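Subject: Structure for you to look at

Hello,

I am passing on the structure that we spoke about, together with some notes to read beside it. Please open it first and keep it in view while you go through the rest of this email.

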Amino acid sequence: MDSVCELDESIYFKDDSYIKGKGSLILASNVSISCPYQGCVIEINISRDVYMESDSSIVAGTIIVDARNVQLAEGSSMNTTALGGSPPSQTSGTPLGFDGAGGGYGGRGAFCVKGDSKDQEDAWGGDVYSWSSLSAPWSYGSQGGTTSREENLGGGGGGRVFISSTWLNLNGTILADGGYGDVIGGGGSGGSIQIQASFL
């Protein structure tokens, strides 16, 4: 990793991973680096460039990239959708009970159940949290609620992406969406994307 490393085959991790070097990292087209588990961390610390060619991807619960230049070609992605770990300890952000409501984050989660004399005025989804750190977001999204005692039907919370670079050339996508709930489950809330770049 002290010159140029070009990955032409996908890498699949089962646990947190740290990639470092003094050179450049290139992900060839259709190649992925992935750890598709909730809260799993992939951290890349490269002195020179990280270049993601078309349709390449990095998938994890947390993605951290620190490099001089970061380039995402068309169709490439950094994706943490529905792979968030646990939200901050002060609140779950996840609805209690079996109403299938949406996860909280910077606002209250939506309440979905009709009838039973409940409405949006007196029933909500997940709690508000992380509103005090929205200028530098670094919290996971929250799990959506379920309507079943036997299985969790809520969508997963979104993960976290942090990019630090001098140049960021973004023609691909960066995602930290919450996951869709089941037909009778609530959606997860989105996670965090934080970008520190001198030129975008």
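Predicted model: local features only at pLDDT ≥ 70, side-chain atom pairs only at ≥ 80, totals over all residues.

Residues are numbered from 1 along each chain as its sequence is written, and side-chain values use heavy atoms, with hydrogens and water left out.

Strands here are DSSP runs of E with at least two residues, just as helices are runs of H or I with at least four, and both are numbered from the N terminus. Two strands pair if DSSP finds at least two bridges between them. By that rule β10 and β12 are joined by four bridges and run parallel, and β7 and β10 are likewise parallel, with four bridges between them.

Buried means under 20% relative accessible area, exposed means over 50%, and partly exposed is in between, with a 1.4 Å probe and protein chains only. In soluble globular proteins, nonpolar side chains tend to be buried together.

For contacts, the cut-off is heavy atoms within 4.5 Å. Leaving out residues up to four places away in sequence, Ile-44 touches Ile-19, Leu-25, Val-50, Ile-58, Ile-64, Val-65 and Asp-66. Ser-77, which lies in strand β11, counts as buried because its relative accessibility is 14%. With the same exclusion of residues up to four places away, Ser-77 touches Met-52, Ser-56, Ser-57, Ile-58, Leu-72 and Thr-173.

How many disulfides does a search of the whole structure find? There is one, a disulfide being a pair of cysteine sulfur atoms within 2.5 Å. The disulfide is formed by Cys-35 and Cys-40, whose sulfur atoms are 1.9 Å apart, and the link is right-handed, with 90° about the S-S bond. Cys-35 is buried at 0% relative accessibility, and Cys-40 is buried too, at 5%. Cys-5, by contrast, is in no disulfide, and the nearest cysteine sulfur, that of Cys-35, is 18 Å away.

Finally, please look at some places in the loops. Asp-55, in the loop between β7 and β8 (57–59), has a positive phi of about 65° although it is not a glycine, and Asp-55 is partly exposed at 44%. Ala-82, in the loop between β11 (77–79) and β12, is also a residue other than glycine with a positive phi, near 60°. Asp-99 is in the loop between β11 and β12, and its C-alpha atom is separated by 8.8 Å from that of Ile-184, which is 85 residues apart from Asp-99 along the chain.

Best wishes
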